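Visitor: I am new to reading protein models. Can you take me through one, feature by feature?

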Amino acid sequence: SSTGEAVSERPATSFKCTTIIYSVALTAAGDMLAVGTAEGTEVYSICHDAQKPPLGIAPALLDEHRTSVCCEPLMFLELAAQQGGVAFSAHTKRLLIGGNQLATVFDCVSGATLLRKHREGRVRCVAISNDGDVVVTGGFDQIVELHHLRSGAQFSHFPTLCDVVRSSHLSAVSNRLALGCEVSGGGKILVFNAQSNELLHEWDHKKVVWCVRISPDGSFLAAAGYEMMLVIYDMRTYACLQTIKYPPLGGPAFVWSLEWAPDGTRLVVGCWNTHAYLYDVDQKVAALLKRRADAGGKETLARTALVAIAVSRCSQQCKLGLNARKAGVTPADRPSVDLSHVDVQLPPLLTESLKIKRTDRVYAVALDFYAQHLVVAGRDKRVALYLAPEEEQTESESEHDSHGGVDGINGDGNDSQPSSMQRSPPKLHVGASNVTDHFLQEEVTPVWDVA
């Protein structure tokens with residue numbers, strides 16, 4: 001369950017709207033903010049102190065004094081998002097707005113309306129691809145439609161057999177589509193191949209699922225709703241990796257919104273219990289989960305276990321619960337040793353780093369690319385932008401970075417992003433000196449990456 005302490009600092013900036021806020025969205029660069037309300041959609045330009053670095057700059061380049069920010073009104077669009085949603089494309093400033101019986105794609109650079117799609121029922125959820133070309137809408141008419149803007153009238157339907165489609169989300173490379181649904185008072189999560197319309201997997205939930213989000217690299221799926229808890233699934237094995245329950249503080253702890261940071265390092269959850277929760281993603285655990293998911297045979301599984309042993313030795317915080325002696329692993333063992341019976345207990349993928357207290361239900365949350373700035377909004381009609389705490393580097397990582405060595409181990413994903421889109425090399429640090437009992441390869445120059 002969530003146990004973090006509520007933050008007492010005031011937000012970096014905040015402003016009030018005239019009606020309840022149902023959805024918020026930040027551009028990846030963090031320079032524009034869209035606020036969806038019952039009256040329309042407000043778009044703001046996020047401004048910064050000219051002497052400070054702008055939003056979106058890598059944390060390593062940040063000045064030790066945090067950036068001061070303010071939001072200036074840019075435009076008002078008479079497109080309501082009541083119980084609907086707003087979403088920015090990551091690589092273009094295209095804004096998708098869904099609400100009432102209408103879905104609209106608006107280009108914030110040219111001012112052009114690229115799509116106006118009328119629906120039979122109220123639009124509840126929207127999703128847009130990184131390039132702004134693929135648009136997904138769903139809602140109370142039980143229909144999920146996927147449009148390709150460049151292809152004109154081309155669109156696809158996804159069979160859901162659900163009462164209401166509450167949430168939709170596209171993976172970063174638009175090859176997976178996740179849906180959160182309501183079915184006869186219960187909930188269901190569906191994952192489709194967005195290109196072939198094939199249903200890949202489904203999970204049943206006891207209560208309605210209000211929000212689903214695929215991680216930027218396509219490895220994990222976060223889901224939440226009326227069960228008052230967050231669930232993390234592995235998108236490769238479809239296994240449940242972690243659950244986090246939320247306490248009903250002054251009201252039900254329903255979850256309407258959650259978002260991954262575009263660089264995949266953090267996750268934010270907005271809860272009806274008047275709190276927003278920010279989590280750090282343990283990159284070491286994420287890398288091990290990817291390698292374990294790729295284990296198609298005993299040899300690969302054994303290699304995964306050996307890497308787990310190495311990580312447990314070089315990081316006190318990564319307690320894997322793997323007893324090498326009981327598993328029969330000795331320095332003489334080859335990677336083909338059978339470790340299929342060994343239960344490798346990994347630490348949690350998510351660790352709470354911040355809890356923000358608001359005065360009323362939190363309906364909407366958003367993060368910029370490097371998760372430096374967090375936007376929270378909801379029934380209090382106020383939009384608040386917070387400065388997220390910087391991620392702390394473990395002692396083993398900082399010592400390792402200062403002395404060189406093996407910089408990362410990366411398990412490839414179906415949706416893996418180019419290295420230019422990542423904050424830094426993957427953070428699974430394994431010092432070569434710690435694994436000499438298994439293998440050792442010395443180089444005359446620093447080793448920056450292995451795979």
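Visitor: Which residues does L349 touch, not counting those up to four places away in sequence?

Guide: A contact means heavy atoms within 4.5 Å. L349 touches F220, I232, Q242, D280, V281, D282, V285, A286 and L289, leaving out residues up to four places away in sequence. Two notes on reading this. The model is predicted: local features need pLDDT of at least 70, side-chain atom pairs count only at pLDDT 80 or more, and totals for chains, interfaces and linings use all residues. Residues are numbered from 1 along each chain as its sequence is written, and side-chain values use heavy atoms, with hydrogens and water left out.

Visitor: Which residues touch the most other members of the largest nonpolar core?

Guide: In soluble globular proteins, nonpolar side chains tend to be buried together. A nonpolar core is a set of buried Ala, Val, Leu, Ile, Met, Phe, Trp, Tyr and Cys residues joined through side-chain atoms within 4.5 Å. Buried means under 20% relative accessible area, exposed over 50%, and partly exposed in between (1.4 Å probe, protein chains only). Here the largest core has 25 residues, and L230, Y246, L349 and L350 touch the most other members.

Visitor: Which elements give two or more residues to this core?

Guide: They are β20 (220-225), β21 (229-234), β23 (255-260), β24 (266-271), β25 (275-281) and α1 (283-293). Helices (H or I, at least four residues) and strands (E, at least two) are DSSP runs, numbered from the N terminus. The largest share, four residues, comes from α1. There is also a second, separate core of 17 residues, with I21, V35, V69 and A377 among them.

Visitor: Which residues in α1 are buried?

Guide: K284, V285, A286, A287, L288, L289 and K290 are buried there. Look at the start of α1 too: a side-chain oxygen of D282 reaches to within 3.0 Å of the backbone nitrogen of K284.

Visitor: Is L95 buried or exposed?

Guide: Buried, with a relative accessible area of 0%. L95 sits in strand β8 (residues 94-99). Beyond its neighbours within four places in sequence, L95 contacts A34, T41, V43, L77, V86, A87, F88, T104, V105, F106 and C108. The chain also brings in T27: the C-alpha atoms of L95 and T27 are separated by 9.2 Å, although the two residues are 68 apart along the chain.

Visitor: Where is the place of W210?

Guide: W210 is in strand β19 (residues 209-214). W210 counts as buried, at 5% relative accessibility. W210 touches R124, R166, S167, A224, G225, Y226, V255 and W256, not counting residues up to four places away in sequence. One of these pairs deserves a look: a polar contact of 3.5 Å joins the side chains of W210 and Y226. A polar contact is a pair of N or O atoms within 3.5 Å; within protein, one must be able to donate a hydrogen and the other to accept it, and residues adjacent in sequence count only if both atoms are side-chain atoms.

Visitor: Which side chains does a polar contact of 3.4 Å join?

Guide: Those of T274 and H275. T274 lies in the loop between β24 and β25. T274 still counts as buried, at 13% relative accessibility. Apart from neighbours within four places in sequence, T274 contacts I356, K357, R358, T359, D360, R361 and V362.

Visitor: How many cavities of 30 Å³ or more does the structure hold?

Guide: Two. On a 1 Å grid over the protein atoms alone, a cavity is a set of points where a 1.4 Å probe fits but cannot get out; lining residues have an atom within 4 Å of a point. Grid points are joined across faces, edges and corners, and a volume is the space filled by probe spheres set on the points. The second largest cavity holds about 50 Å³. Its lining includes H205, K207, Y226 and M229. β20 and β21 each give two or more residues to that lining, and β20 gives the most, with three.

Visitor: How many helices and strands does the protein have?

Guide: Four helices and 29 strands. Of its 451 residues, 55% count as buried. Among contacts between residues at least 6 apart in sequence, 54% join residues at least 24 apart.

Conventions: 1 Å grid on protein atoms, 1.4 Å probe; cavity = no way out; pocket = protein on both sides within 12 Å on 5 of 7 lines; lining within 4 Å.
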